[in-house]
Amino acid sequence: MPRTPVDEILIAGCSRRGAGAPIHTVNPADGTPITTVHAASPADVDEAAEAAAEAVATPAWRDLLPHRRARLLHRIGDLIEEHADDLSALQTADTGKTLTETRALALSAAATFRYTAAALETAEDSLTPARGPYVTMSVHEPIGVVGAINPWNSPIASDAQKVAPALAGGNAVLLKPAEWTPLVSLAFGRLVHRVLAEERLPTALLSVLPGKGRVVGDAIVTHPLVRRIGFTGGTTTGRAIARTAADKLAPASLELGGKSPTIVREDADIEQALAGVMFGVFSSSGQSCIAGSRLFVHRSLYDSFVAELVERVRKLRVGPGTDPDTQVAPLVHHRHRDAVAAYVDLAREEGGRVLCGGAVPEGEAYADGAYYLATVIDGLPNSARTCQEEIFGPVLVALPYDDEDDLVRQANDSVYGLACGIWTRDSRAAWRLARRIDAGTVWINTYKQFSISTPFGGMKDSGLGTEKGRDLIRSYQRQKSLYWGTESTPLPWAN
C-alpha cells in the first residue's frame with residue numbers, strides 16, 4: 001500500500017499534520033515505538049466539519065443516485081480487500097492482535113462495504129395509504145455531517161460499520177480513532193480518499209481525526225454541524241455523549257460495555273463448551289465488549305468442568321501477534337495491561353482464588369511487551385466487583401448455579417446487557433433461556449460469530465440503538481413525508 005507519512009492525518013480532505021499534541025504509538029508486543037502522530041485539535045475539527053458540510057451540499061455528491069453511491073461502496077470494499085495483508089500487518093503492529101484476527105477484521109470491513117452497497121441498491125422509499133384526495137410518500141434524505149468515534153480493539157471493522165452506512169445515506173463523516181491505535185484508521189481513510197478522488201467526488205466527505213484524551217471527541221460531539229453521532233466505547237463516555245446529543249436533539253447510537261454471561265447447562269456437549277468458553281473470553285486477549293467473561297456452570301458438573309478448563313487454559317500459547325501459533329497476544333498497551341492486573345489483584349482482595357494465570361508471563365521474550373496470562377478466577381459471589389465490572393482483558397470468573405431461576409437471576413444481575421452464550425443440547429431450554437436473559441445478542445452452542453446482516457446492540461448500560469442489519473443505512477438518514485394533491489377542486493379558502 002502506498003504509505004503517506006504516518007504523522008499526517010486526514011483533515012478536510014487533505015493529508016497534513018494535526019495541530020494537536022503528539023501521539024506516540026508503540027508496538028505492544030515488544031514496547032518499541034512505531035511512529036508519532038500529531039493529533040487533531042479543536043480547530044482542526046472545526047475545519048473538517050465546515051469542509052464536510054460543504055461536501056455534503058456539493059451537487060456531485062448531493063445528486064449522486066443511490067446505485068452510483070453503491071458502486072462507490074463496492075469499490076472501497078474491493079480496495080480494502082486488495083490491501084488486506086498490509087492493513088492487517090499495520091493493525092497487528094498497532095494493537096498487538098494476531099495476524100489471523102486482524103486479517104479477518106480487514107476482510108470484515110470489506111464485506112461491510114459490499115453488504116451496505118447491496119442494501120443501498122435495494123432500498124426503497126414507500127407510498128403510504130392515502131387518507132384523502134392526495135398521494136402520500138415517505139422518502140429518506142441525508143442527515144448531513146456525522147461524527148463516528150471508535151475504540152482501539154477492532155479499529156477497521158468498527159470504522160466500516162459506521163462509515164459505510166453513513167456514506168450510503170449521503171452523509172459526510174468525521175471519524176475519530178482511538179488514541180492508542182490510529183494507524184489502520186488513517187490507512188483506511190487514505191483508501192477511501194483514493195476512491196472518492198477517482199470518482200471526482202469531494203474527499204472532505206471523510207476526515208480521520210486522531211486525538212489525545214477526549215479533546216477531539218468532545219469537539220466532534222459538541223460541534224453544531226455534527227447532526228448524528230455513532231460511538232463505540234465505554235459506558236461512562238457513552239452517557240456523556242448521550243447527554244450532549246440530547247441537548248442538540250441529535251440522534252446517537254451507542255455501543256458500550258459488557259460483562260457477558262456464558263452458560264454451561266448440565267446437558268451441554270462438554271468438549272464443545274470447553275472450546276467455546278475459552279474462545280469466547282480469551283480470543284482477542286479478552287479485549288472485546290462481548291467477551292464471555294462470567295462463566296456460569298451447573299453445580300452438578302462445576303468442579304469437573306472448571307478443573308478441565310483450567311488445565312486447557314494453562315496450555316494456551318502466549319506470544320506476539322505475528323507468530324501464527326499465538327493464541328493469546330499482548331494487550332493493546334502497557335497501561336491497559338496494568339489495569340487488567342489491578343483487577344486480578346482486586347479479585348484476590350475480594351477473596352477470589354486465581355486458578356491459573358493472574359500474572360505477567362515470565363521470560364525474556366515477554367519482558368518488554370504488554371502480555372498477561374489467561375486467567376481463571378472462582379470463589380467470588382456474583383456481587384463482587386470483579387464479577388460486575390468490565391475488565392476488558394483475558395480474565396474469566398467462574399460461578400456455579402443450581403437451577404434455571406437461580407441462573408437467570410445471577411446472569412441478569414448486572415448493569416450490562418450486551419451478549420450471552422448458552423451451551424446445551426436442549427433446544428427448548430436454549431430458547432427459553434435466550435428469551436429470559438437480558439442481552440442484545442445470544443449465541444447458542446457458538447460464540448463471537450457475527451453477521452453484518454444481523455442487527456447488533458445492547459440493553460441497559462450496554463448501549464442505545466443498533467448497528468448492522470438490513471436497515472443500517474436508514475439510521476443515518478432522516479425521513480420526510482410528501483403529499484401530492486390529486487383534486488382539481490380548489491381548497492376551501494382558495495377564493
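The dialogue below takes up confidence, strands, cores and salt bridges in turn.

Mentor: This is a predicted model, in which local features need pLDDT of at least 70 and side-chain atom pairs count only at pLDDT 80 or more, while totals for chains, interfaces and linings use all residues. Residues are numbered from 1 along each chain as its sequence is written, and side-chain values use heavy atoms, with hydrogens and water left out.

Trainee: What is the mean pLDDT of the chain, and where does pLDDT stay under 50?

Mentor: pLDDT is the predictor's confidence in each residue, on a scale from 0 to 100. For this chain the mean is 95, and 98% of the residues reach 70 or more. Residues 1-6 stay under 50, and the model has 16 contacts for them beyond four places in sequence. A contact means heavy atoms within 4.5 Å.

Trainee: How should I read the faces of a strand, and which residues of β13 point each way?

Mentor: In a regular strand, side chains alternate between the two faces of the sheet. Helices (H or I, at least four residues) and strands (E, at least two) are DSSP runs, numbered from the N terminus. Buried means under 20% relative accessible area, exposed means over 50%, and partly exposed lies in between, with a 1.4 Å probe and protein chains only. In strand β13 (residues 294-298), five of the five residues are buried. R294, F296 and H298 point one way, whereas L295 and V297 point the other way. Strand β19 (residues 441-444) has T441 and W443 on a covered face, with V442 and I444 on an uncovered one.

Trainee: Which strands pair with β13?

Mentor: Two strands pair if DSSP finds at least two bridges between them. Strand β12 (residues 261-264) pairs with β13 in the parallel sense over four bridges, and T262 stands opposite L295. Strand β16 (residues 395-401) also runs parallel to β13, joined to β13 by five bridges; there P400 is the bridge partner of V297. As for β19, strand β18 (residues 419-423) pairs with β19 in the parallel sense over four bridges, with I422 opposite I444.

Trainee: What kind of unit do β12, helix α10 and β13 make?

Mentor: A crossover is right-handed if, with the strands pointing away from the viewer, the path from the first strand over the helix to the second runs clockwise. β12, helix α10 (residues 270-282) and β13 make a right-handed β-α-β unit. β18, helix α15 (residues 427-436) and β19 also make a right-handed β-α-β unit.

Trainee: How many residues has the largest nonpolar core?

Mentor: In soluble globular proteins, nonpolar side chains tend to be buried together. A nonpolar core is a set of buried Ala, Val, Leu, Ile, Met, Phe, Trp, Tyr and Cys residues joined through side-chain atoms within 4.5 Å. The largest one here has 81 residues, and those with the most contacts inside it are I80, F113, L167, L174, F188 and L209. Helix α7 (residues 183-198) gives the most to this core, with nine residues. A second, separate core of 40 residues includes M278, L309, V328 and A374.

Trainee: What does F113 touch, and is T116 buried or exposed?

Mentor: Leaving aside residues up to four places away in sequence, F113 touches L73, I76, G77, I80, A160, V163, A164 and F188. T116 lies in helix α5 (residues 99-122) and is buried, with a relative accessible area of 0%. With the sequence neighbours up to four places away again not counted, T116 touches L73, A164, P165, A168, L472 and I473.

Trainee: How many salt bridges are found, and why does the pair of R16 and D44 tie together parts apart in sequence?

Mentor: A salt bridge is a side-chain nitrogen of Lys or Arg within 4 Å of a carboxyl oxygen of Asp or Glu. A search of the whole structure finds 34 salt bridges. The side chains of R16 and D44 form one of them (3.4 Å, N to O). Because R16 lies in strand β2 (residues 14-16) and D44 in helix α1 (residues 42-57), the pair ties together parts that are 28 residues apart in sequence. R16 is partly exposed at 27% relative accessibility, whereas D44 is buried at 4%.

Trainee: Which other residues meet in salt bridges?

Mentor: E47 meets R16 at 2.5 Å, N to O. R75, E82, R194 and E198 are linked in a network of salt bridges.
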